[in-house]
Amino acid sequence: MREYALTFVIAAAVTYLLVPLVRRAAIRFGATPPVRDRDVHTEPIPRLGGLAIYGGFAAALLISAQLPHLQNVFVADTWQGLLLAGGLITLIGVIDDRWGMDALSKLAGQVAAAGILVSNGVQLLWLPLPGTQLSLGPWLGAMISILLIVVTINAVNFADGLDGLAAGIVAISSLAFFAYYYVVAVEEGFVRQSYPAMIAIILAGTCVGFLCHNFHPARVFMGDTGSMLLGLLLTSITITVTGQFDANTAREEFNSSGLVVFLPILLPLLVIALPLADLVLAVLRRTLAGRSPFSPDRGHLHHRLLDMGHSHVRAVLLMYLWAGIVAFASVSLSIFGSAAMVLSITALVAVCAVGLIALPRLRRRGLLPWGYGRAAKRSGHHHSVSDE
């Protein structure tokens, strides 16, 4: 655990120290696009923050190879494929953030990066099914792995709409994965120093280091350079966990629900459920309106939270809360035998979260003793996005 903690600190510190350098380079490079109508910030903010994330990730990964226990994780070439795929997706992001790319070219680059991962061993070996498991052949496993990688890349990219939103959600997911795998390793008697746990803790560290500069008011954006990289790294954890233990054995050792078996596949999809739902709704909304699915608008979930009266920071924290509820509730269900207790606590927290989301609307309608209207009159103006 000490080496994991050291790795986390290295990733966070290197990323934190690189961000100011990347920010100055982005300004000189011209990666500071003008404010668009759908943006929630009012001043141009430099992008390319993903370069700092990649630097922090690479530094922590290479230093981990020199640590006494974690160096045993590097017996395979998977980490080299991750560095290469991460470098490629970062390069694609730099091009897109600076000059722009059409959707097809970007998709081709994402598939190429996913192919590098798969060719270096990051591939689904099986899929859990009720009562059994489905072993995947090399071709089917490769195609499903590439599809999962590309979908996650775009879902995280889609979540990058508010200051600190994408980095925070990925940090929560990574920490949930680390907690999940570490407990599973202890219970199953696996070696606790493992590739998925190491990547998860490094990814969490880079996100925390970047959040110090990216939380509202952000001084730098990660851009597609960072959001696509985070999606790639997050999926690599998902896929490699499935090859660490046998599903049938896990079913016998853990609770009868067998959720521990399904969690590697479900957890990332559950954590990014809101961005995925937002993506599907946006495609439907734009298609039904006779527009391109890739055309921008202000109908995303984070825009709606702002329009409801939430501040920028509160909207981001609410998205964090939902991600944390789903991620850690799933982890707790897979670990603890008392499903009733976990579900009760989760339901209570979820009800509180719904209440927090509806709070501004309840205030405006005068349904609370500290009504929104009276507070606004005392302050002399009504809240708006521009007040942020």
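Let's start in a loop: Pro217 sits between helix α7 and helix α8 (223–241), where helices (H or I, at least four residues) and strands (E, at least two) are DSSP runs numbered from the N terminus. Pro217 is joined to His216 by a cis peptide bond, with omega at about -5°.

A word on the source: this is a predicted model, in which local features need pLDDT of at least 70 and side-chain atom pairs count only at pLDDT 80 or more, while totals for chains, interfaces and linings use all residues. Residues are numbered from 1 along each chain as its sequence is written, and side-chain values use heavy atoms, leaving out hydrogens and water.

**The whole chain**

The protein has 15 helices and two strands. Of its 388 residues, 50% count as buried; buried means under 20% relative accessible area, exposed over 50%, and partly exposed in between (1.4 Å probe, protein chains only). Taking contacts (heavy atoms within 4.5 Å) between residues at least 6 apart in sequence, 74% join residues at least 24 apart.

**Helices α1 and α7**

Two packed helices are described by the angle and the distance between their axes. Here the axes of α1 (residues 2–29) and α7 (residues 195–214) come within 7 Å and cross at roughly 35°. These axes are lines fitted to C-alpha atoms over the stretch in contact, with angles running from 0 to 180 degrees between N-to-C directions. The α1 side of the contact includes Tyr4, Phe8 and Tyr16, and the α7 side includes Met198, Ile201 and Phe210. The residues of this contact divide into 15 nonpolar, six polar and no charged. In this scheme Ala, Val, Leu, Ile, Met, Phe, Trp, Tyr, Cys and Pro count as nonpolar, Asp, Glu, Lys and Arg as charged, and the others, Gly among them, as polar.

Leu48 lies in the loop between α1 and α2 (50–64). Its phi is near 70°, a positive value in a residue other than glycine.

| Residue | Relative accessible area | Class |
|---|---|---|
| Leu48 | 4% | buried |
| Cys207 | 1% | buried |
| Cys212 | 46% | partly exposed |

How many disulfides does the structure hold? There are zero disulfides, counted as pairs of cysteine sulfur atoms within 2.5 Å.
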